[in-house]
Amino acid sequence: MDKRDAAEWLARQGFPVVPLSAGRKIPTRKGWQALATNDPEKVRELWTLPNGESASYNPGIVGRDHIILDVDVPGEAHGQVNGAAELEKIGWKGRTFTVATPTGGLHLYFRKPEGCDFSQTDLAPGINVRSSGGFACGPGS
């Protein structure tokens, strides 16, 4: 599955996605919040180069309709921060759409309840919230 296929799959699951620069965590365009879409046809357009080839953009999931917990684990990228241990401390035992990150951490995805508005914040050491105004690299990145 190429990155465009991954972005389309995410859009079909209801996630608003935006293209991120290949190998980086940076949106490819200004105004990315308004650009984010869960329409697979629009996603296909965003990930198609002028010559018709599939762009190697990473899919970013925008936290407009979701709350994304970014859980870090100890290692080169995060030092000794252990978000997984913090998650255990608060008693998380639930199940949700979960994706392993390249650094060994996790992204946990939740639908945002009506009337709930989070922005980017830290929930606990090693647990970052990405929601309104934020994004996370999606599967396929």
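Strands (E, at least two residues) and helices (H or I, at least four residues) are DSSP runs numbered from the N terminus, and two strands pair if DSSP finds at least two bridges between them. The views below show a predicted model, in which local features need pLDDT of at least 70 and side-chain atom pairs count only at pLDDT 80 or more, while totals for chains, interfaces and linings use all residues. Residues are numbered from 1 along each chain as its sequence is written, and side-chain values use heavy atoms, with hydrogens and water left out.

**View 1. Three strands form an open sheet in the order S1-S2-S8, with antiparallel pairing.**
Strand S1 (17-20) and strand S8 (135-137) are the edge strands, each pairing on one side only. From one strand to the next the twist averages 35°, where axes are lines fitted to C-alpha atoms, for helices over the stretch in contact, and angles between N-to-C directions run from 0 to 180 degrees. S1 is joined to strand S2 (residues 58-62) by four bridges, and the two run antiparallel; within S2, Asn58 is the residue that stands opposite Leu20. Helix H1 packs on this sheet and touches S1 and S2, contact meaning heavy atoms within 4.5 Å, and the direction of H1 makes about 20° with that of S2.

**View 2. A second open sheet has five strands in the order S4-S5-S3-S7-S6, again with antiparallel pairing.**
Here the edges are S4 and strand S6 (121-124), each of which pairs on one side only, and neighbouring strands are turned by 25° against each other on average, direction ignored. Strand S3 (residues 66-71) pairs with strand S7 (residues 127-130) in the antiparallel sense over four bridges, and Ile68 stands opposite Arg130 in S7. S7 also pairs with S6, antiparallel and over three bridges, and Ala124 stands opposite Ile127 in S7. The hairpin of S6 and S7 has two residues between its strands, and Gly126 takes a positive phi near 85° there.

**View 3. Phe97 and Tyr109 belong to an aromatic cluster together with Trp9 and Phe15.**
A search of the whole structure finds six aromatic pairs; rings of Phe, Tyr and Trp (its six-membered ring) pair if their centres lie within 6.5 Å, and planes under 30 degrees apart count as stacked, over 60 as edge-to-face and the rest as tilted. The ring centres of Phe97 and Tyr109 lie 5.3 Å apart with the planes at 45°, so this pair is tilted. The pair links distant parts of the chain, twelve residues apart, with Phe97 in strand S4 (residues 97-100) and Tyr109 in strand S5 (residues 106-111). Phe97 is partly exposed at a relative accessible area of 30%, whereas Tyr109 is buried at 3%; buried means under 20% relative accessible area, exposed over 50%, and partly exposed in between (1.4 Å probe, protein chains only).

**View 4. Thr96 is placed in the loop between helix H4 (83-89) and S4.**
Thr96 is partly exposed, with a relative accessible area of 27%. Not counting residues up to four places away in sequence, Thr96 touches Leu108, Tyr109 and Phe110. The C-alpha atoms of Thr96 and Leu108 are 6.5 Å apart in space, although the two residues are twelve apart in sequence. The side chain of Thr96 also reaches the backbone oxygen of Tyr109 at 2.2 Å.

**View 5. His107 in strand S5 is buried, at 8% relative accessibility.**
Its side chain makes a polar contact with the side chain of Asp70 at 3.5 Å; a polar contact is a pair of N or O atoms within 3.5 Å, of which, within protein, one must be able to donate a hydrogen and the other to accept it, and residues adjacent in sequence count only if both atoms are side-chain atoms. Leaving aside neighbours within four places in sequence, the residues in contact with His107 include Ile68, Asp70, Phe97, Val99 and Cys137.

**View 6. The largest nonpolar core has 13 residues, of which Phe15, Val17, Val43, Trp47, Ile61 and Tyr109 touch the most other members.**
A nonpolar core is a set of buried Ala, Val, Leu, Ile, Met, Phe, Trp, Tyr and Cys residues joined through side-chain atoms within 4.5 Å. Helix H1 (3-12) and helix H3 (40-46) each supply at least two residues of this core, and the largest share, three residues, comes from H1. Apart from this core lies another, of eight residues, among them Ile67, Leu69, Leu108 and Ala124.
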